[in-house]
Amino acid sequence: MNRSLVILLGALALGATIFAGAFYASQRATIACCAKPADDLDWLRTEFHLSDVAMAHIRKLQAGYLPQCAELCAKIAAKKGELETVLGTGTNLTTEAQTKLNEIAALRAQCQAQMLRHFIAVSQAMPPEQGERYLAEMKQLTLGNEELMEQSMSDHAGHEHGTH
Amino acid sequence: MKEKLNQSPDPQVGALLRAARVSPALPPRFQQNVWRRIEDTESPAPPASWLDAFAALILRPRFAVMAAAVLLLAGISAGTLEGRQAARRDAQMNYLAAVVPHALR
């Protein structure tokens with residue numbers, strides 16, 4: 001093989017190794033030093049530059065919210081159990097099963113509303129600008145996924161109707 | 001012998017001898033050609049292709065060190081940026097796991 005080509009390929013391989021090694025090592029080091037939050041709320045403090053006073057307020061809100069959330073989650077889990085019992089091994093969707101589905105949907109909506117109320121309360125504990133940013137991000141992270149799923153389902157359904 | 005003739009006591013003979021000395025004429029562009037030949041011997045042979053030229057450039061120690069330093073810095077910068085983003089995502093996921101109920105995930 002041509003000597004110059006060998007030199008060029010060797011230099012490329014060496015360069016790629018240097019870049020990849022530096023990239024991997026610094027990425028690991030950064031993750032190791034920064035990705036171990038002290039608690040679940042650590043992200044709020046760093047991302048929204050919150051003071052200790054604001055963090056204390058948010059911790060109180062969080063402590064009040066979690067038991068309510070757990071209570072609703074338990075209710076939803078219980079209703080799901082009931083639904084499975086009603087569905088049993090049958091092949092038809094009975095009225096009772098439909099009622100259970102509606103109840104689960106209502107509980108989920110209640111749970112979602114409670115979560116959004118919590119997000120609003122947390123955003124109000126922050127400086128206005130940061131609060132708006134937090135609320136927008138939370139809406140996008142928690143409701144965005146559902147909208148995306150609904151959008152994809154409606155797109156899919158529309159496509160199917162169009163082909164029939 | 002020559003010196004003796006030059007130092008001849010007779011000034012007329014001495015003048016005749018000096019006039020009789022022949023200095024050959026230089027060929028055209030003699031000086032230019034001399035410099036060109038000196039330059040040719042000092043500079044290395046030009047590379048045959050762009051690949052050879054590039055290989056020669058790579059092998060220069062200054063270029064190699066500079067390229068390695070640039071790649072190292074670029075790798076560190078990109079890795080740090082990516083690491084920060086990954087750390088931010090992890091922390092965000094921790095928070096979401098704490099506040100978003102399982103029933104809604």
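**View 1. A glycine follows helix α3 of chain A.** Just after α3(A), A:Gly88 adopts a positive phi of about 50°. Helices here are DSSP runs of H or I with at least four residues, numbered from the N terminus. Please keep in mind that this is a predicted model, in which local features need pLDDT of at least 70 and side-chain atom pairs count only at pLDDT 80 or more, while totals for chains, interfaces and linings use all residues. Residues are numbered from 1 along each chain as its sequence is written, chains are lettered from A in the order in which they are written, and side-chain values use heavy atoms, without hydrogens and water.

**View 2. Helix α3 of chain A and its buried residues.** With 36 residues (52–87), this helix reaches 51 Å from its first C-alpha to its last, close to the 52 Å expected at 1.5 Å a residue; the expected span is 1.5 Å times one less than the number of residues. Among the buried residues of α3(A) are A:Met55, A:Tyr65, A:Cys69, A:Cys73 and A:Leu83. Buried means under 20% relative accessible area, with a 1.4 Å probe and protein chains only. The buried residues of α3(A) pack against α2 and α4 (95–124) of chain A, together with α5 of chain B; contact means heavy atoms within 4.5 Å.

**View 3. An aromatic pair between the chains.** Over all chains, the whole structure has six aromatic pairs. In one of them, the ring centres of A:Trp43 and B:Tyr95 lie 5.5 Å apart with planes at 35°, so this pair is tilted. Rings of Phe, Tyr and Trp (its six-membered ring) pair if their centres lie within 6.5 Å; planes under 30 degrees apart are stacked, over 60 edge-to-face and the rest tilted. Because A:Trp43 sits in α2 (residues 42–48) of chain A and B:Tyr95 in α5 of chain B, the pair joins two chains. A:Trp43 is buried at 1% relative accessibility, and B:Tyr95 is buried at 0%.

**View 4. An edge-to-face pair within chain A.** The rings of A:Phe48 and A:Tyr134 have centres 5.6 Å apart and planes at 85°, so they meet edge-to-face. This pair links distant parts of the chain, 86 residues apart: A:Phe48 in α2 and A:Tyr134 in α5 (residues 128–142) of chain A. Both A:Phe48 and A:Tyr134 are buried. Together with A:Trp43, A:Phe119 and B:Tyr95, they form one aromatic cluster.

Notes:
Buried < 20%, exposed > 50% of the residue type's maximum accessible area, 1.4 Å probe, protein only.
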